Amino acid sequence: MIQEEVVDDLPFVSALLVTKNEQDYIEIALMSFIEQTYPKSRYEIIIVDGESTDNTLKVARSIKRKFETDEFKISIITNPKHILASGWNIGIMAAKGEYVIRIDAHAKAYSDFIMKSVETMKSVEAACVGGKLITKSMNGSNGTISKILSSPFGVGNSSFRVSENAGFMDTAVYGLYKKKIFDEIGLFNEKYVRNQDLQMHSRIRKSGGKFYFNPEIKCEYYARNTLKKMIKQAFGNGKWNMVLLKEDRSGLSIRHIVPFVFVMFLMLTTILGLIYRPVWLFEGGVLALYVLLGLFFGIKAKGKGIEIIEMPFLFFLLHTSYGIGYISGLLK
């Protein structure tokens with residue numbers, strides 16, 4: 001049990017949860033914030049809802065009535081613009097904490113998520129600290145799509161997905177931010193429907209702020225567990241990556257650009273092959289290597305049987321959807 005004097009010494013934290021039509025996920029995410037080891041008197045929960053039309057608010061209000069006390073507040077605020085950026089901004093402006101931390105409604109924070117984040121922040125000089133994202137399906141299993149989104153071949157060298165080594169990184173996921181950083185550089189840019197965090201993190205880096213990754217800070221993320229949803233999300237991410245790239249090249253790293261380069265390569269070699277057929281042999285060789293890598297990382301991801309055979313195809317759909325999204329973003 002944490003002694004009273006130690007509790008009083010802990011910084012006050014505002015935990016943000018931005019939602020819209022998340023009736024299937026809201027209870028898991030909200031309860032994970034409620035069941036933290038961090039003292040209830042030293043943090044608050046702020047739910048910012050984008051005018052949900054399902055049972056999201058009904059579930060949230062029921063949990064609020066059950067767990068809110070005089071010393072532990074759970075607030076529910078409306079987000080009339082509906083998008084994540086405006087939701088985060090509303091939450092930040094309402095936050096009473098010295099620090100703000102957030103997860104998505106599709107996530108579940110480990111019970112020591114806030115405590116380890118605060119301990120890490122107090123031990124390093126950083127504007128934001130974050131941890132490991134463990135991708136799972138809604139039923140808690142490590143399904144095929146979850147394995148795709150957790151594989152280095154699927155998502156590149158994204159530290160918060162694949163690394164086990166603590167250190168300073170170029171970004172953070174579900175981070176604990178010093179609230180004063182938003183006073184210094186401004187709030188999230190609300191013209192970005194997606195990738196607001198990448199654009200914000202670029203501004204933080206330019207201001208001299210640093211990001212620290214601690215793999216002991218853990219959170220589960222429930223992936224879009226259908227092929228259609230995975231493709232749609234990848235396309236949207238690619239589209240808004242291009243919007244960001246056109247305005248701020250430092251906002252993205254090499255891993256974000258690779259799918260776009262891959263799709264452009266396929267388009268170019270397919271067209272050139274009409275003029276000079278040996279180009280198709282080169283293209284076929286690259287695709288054969290791609291399939292072999294897909295199989296290798298499928299085995300490495302502990303795929304089983306037919307799953308391993310499916311994974312190169314799923315990797316291909318993920319990467320090409322992402323890359324085609326970039327092309328769409330050129331017109332945005």
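Reader: Before we start, what should I keep in mind about the model and the numbering?

Author: Residues are numbered from 1 along each chain as its sequence is written, and side-chain values use heavy atoms, with hydrogens and water left out. The model is predicted, so local features need pLDDT of at least 70 and side-chain atom pairs count only at pLDDT 80 or more, while totals for chains, interfaces and linings use all residues.

Reader: Okay, take strand S1: how many of its residues are buried?

Author: Terms first. Strands (E, at least two residues) and helices (H or I, at least four) are DSSP runs, numbered from the N terminus. Buried means under 20% relative accessible area, exposed over 50%, and partly exposed in between (1.4 Å probe, protein chains only). Here, seven of the seven residues of S1 (residues 13–19) are buried, so the strand is largely enclosed by the rest of the structure. Val13, Ala15, Leu17 and Thr19 point one way, while Ser14, Leu16 and Val18 point the other way.

Reader: And which strands does S1 pair with?

Author: Two strands pair if DSSP finds at least two bridges between them. S1 pairs in the parallel sense with S2 (residues 43–49) over seven bridges, and Ala15 sits opposite Ile45 in S2. To get from S1 to S2, the chain passes through helix H2 (residues 26–34) in a right-handed β-α-β crossover (with the strands pointing away from the viewer, the path from the first strand over the helix to the second runs clockwise). S1 also runs parallel to S4 (residues 99–104), joined by six bridges, with Val13 opposite Tyr99.

Reader: Now salt bridges. How many does the structure hold?

Author: Side chains of opposite charge can pair when their charged atoms come close. The cut-off is a side-chain nitrogen of Lys or Arg within 4 Å of a carboxyl oxygen of Asp or Glu. The structure holds six. In one of them, Lys81 meets Glu190 at 2.8 Å, N to O. Those two are 109 residues apart in the chain. Lys81 is exposed at 55% relative accessible area, whereas Glu190 is partly exposed at 29%.
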